[in-house]
Each structure stands twice: as C-alpha cells, then as structure tokens.
Amino acid sequence: MAVITISRQVAALGDEIASDLAKKIGYTFIDRKQIEKRIVELGFPKEKLEKYDERKPGFFASLAKDRDEYLNYLQYAVLEAASSGNCILIGRGAFIILDELPNLVAMRFVANDNVRLERLKNEFSWEDKQAQARIDESDNNRRGFHKSFFNADHENPSRYLFTLNTGLLGREESVKIIEGVVKSYITPQKEAAGKEKVAMLLKGQRLVNQLLFDFKMNINFLRAVVEKDVITLQGVADSHALVDRAVQAAAKILPTCEIRSAITISRDYKAF
C-alpha cells in the first residue's frame, strides 16, 4: 500500500502521467474534481471553493473563518483518500498533509517554460501572450496557496522523493520510472507503518472537525495529535472554560481515549 502524491507545474503533464500510472500499476487516481466534491460533501459551501481551491486567497478571504474551515475539510478529504492506500493524489498540498506517512511517494513534475508555453498553445490554440499569462497565473496561485495554507515553499526539491522533468521525459518513460521507484522504495514495513499512521492522522482530523463544526468550539488552529490511545488537543482559545468544554466533548466522542490539552489561552486573540 503506497500513497503517491504529485505536485506539478501547469502543462507539465501531471494529470496525464498520473492517469497513465494509475492504469499501469492498478492504483486509484483521485483527481481535483473528486477532492472538491468530497470537500463540499463534508460541509464546505460549493460557492466558496473558488476563493481557496489551489489558489492564493485574496486579502479578506485569507482573514475569513472560511479559510480555516476549507483547510480542515481539505485535510480530512486527503487523509480519508490516503487511508484506502494504493492511490495517487494530485495537488492540493497533499504531499504536505501526508508528509508523516512512511509509505508516501511524493514527486514533482516540472518542465522548461518554453515547453510549457508550446503545450498550452497547441492545446488551446493560444497565442504566446495568452499561454504565458496562464503560466504566470498558475505559478503564482500555486505558490500563494502553499504559502498561505501551509507556510511552505512547494518548489523546494527537498520536499519530494524525486522530481521529473517532463520536458525531457515522455509520459511512457515517466510512468516506467515511477513504477520502478514505487516497487523498490515501498517495503512491507513501510506499508504497515503508513497504514497505522494515516489511521491516527485521520482519527485526529475527524475529532477536530467534530469539535469545530458539530460542537461549534471556537478554538483557533485546533489540532488533535494522536498517539495510540492518548489524544492531545492543540490550538488557541480565549478561556479555560472553552478548553474544558472541548476536552469534555472529545472524551464523549472518543470515550476509550485519554484526552489531554495543550491549548494556549489567549484572551487578546480574536479570529477575524
């Protein structure tokens, strides 16, 4: 059971290679539309997706409560998908959300700007100016998305197991390389450890979403760190009473677990 994540530049053949790879090795390809659909099913308003989905939020959108709700729903959707194993996820910061998985194969697809320009011109019958504008817009949005939601540089090669230049490698060659890496890198031990880890991360995110959206706990940056049967809540709250309510609610949701609090109390902190 491996989990493959793909970060890609526009016109670097990310979706095309992911689709080919899924067919070749029998994995499930979870594309952008499937993640978007799941986020909406979980409760995020469809009409607000455009503000946040793989783009840099505008100034006011970045301050709104919707931003944090989107991130929690996104993390849950990605973790849920990864828990099934043998899957390929593309974009949406999946390589960061799943960074702790021992069975993660994170890769990035890039290509020379001239190659990307020609691909877009051929695909959409665009002029140079239109194609370059699309490249600039996409690159800026993806850079802003990862910075805003994860405070991460998604272009940093150390974030990935490897990077493929799809301007030099074709689709078939890329699939063969990735297939070989997955077979040699993923061991039964990594599979077992990855399955256990993603289950714990999903358990924690499920608890966070229940506390925030079902119990309406106004705790900022809420996280639940799961270590077997011990769960530690982290975040920022404006009162001890709120923290106590969160701990009590978590204990009701997961009665077999020990609930601890590492939530910071800050009466001066108010979310927008």
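View 1. The model shown is predicted, so local features need pLDDT of at least 70 and side-chain atom pairs count only at pLDDT 80 or more, while totals for chains, interfaces and linings use all residues. Residues are numbered from 1 along each chain as its sequence is written, and side-chain values use heavy atoms, with hydrogens and water left out. The structure holds 2 cavities of 30 Å³ or more, a cavity being a set of points on a 1 Å grid over the protein atoms alone where a 1.4 Å probe fits but cannot get out. Around the second largest cavity, the lining residues (those with an atom within 4 Å of a point) are Arg8, Gln9, Arg108, Asp139, Arg142, His154 and Glu155. Sorted by class, this lining has 5 charged residues (Asp, Glu, Lys or Arg), no nonpolar ones (Ala, Val, Leu, Ile, Met, Phe, Trp, Tyr, Cys or Pro) and 2 polar ones (the others, Gly among them).

**View 2. The second largest pocket has a volume of about 740 Å³.** A pocket is an open set of points with protein on both sides within 12 Å along at least five of seven lines. The second largest pocket is lined by 30 residues, of which Arg8, Asp15, Arg32, Arg134 and Arg142 are the closest to its centre. Two or more lining residues come from each of helix 1 (14–25), helix 2 (32–42), helix 3 (49–52), helix 7 (113–124) and helix 8 (128–150), where helices are DSSP runs of H or I with at least four residues, numbered from the N terminus. With 5 residues, helix 8 gives the most to this lining. The lining of the second largest pocket comprises 17 charged, 9 nonpolar and 4 polar residues.

**View 3. Helix 7 packs against helix 8 at an angle of about 115°, with axes 9 Å apart.** The axes are lines fitted to C-alpha atoms over the stretch in contact, and angles run from 0 to 180 degrees between N-to-C directions. On the side of helix 7, Asp113, Arg116, Leu117, Leu120 and Lys121 meet Asp128, Ala131, Gln132, Arg134, Ile135 and Asp139 of helix 8. This contact (heavy atoms within 4.5 Å) has 6 charged, 4 nonpolar and 1 polar residues.

**View 4. Helix 5 (residues 65–83) and helix 10 pack at about 150°, their axes lying 9 Å apart.** That angle makes helix 5 roughly antiparallel to helix 10 (over 145 degrees; under 35 is roughly parallel, 65 to 115 roughly perpendicular and the rest oblique). Helix 5 contributes residues to the contact including Tyr73, Tyr76 and Leu79, while those from helix 10 include Leu201, Leu202 and Phe213. The residues of the contact of helix 5 with helix 10 divide into 10 nonpolar, 5 polar and 3 charged.

**View 5. Helix 10 (residues 188–214) and helix 11 (residues 240–253) cross at roughly 125°, where their axes come within 10 Å.** Leu207, Gln210 and Leu211 of helix 10 make the contact with Ala246, Ala249, Ala250 and Ile253 of helix 11. Within the contact of helix 10 with helix 11 there are 6 nonpolar residues, 1 polar residue and no charged residues.

Technical notes: Points joined across faces, edges and corners; volume = space filled by probe spheres on them.
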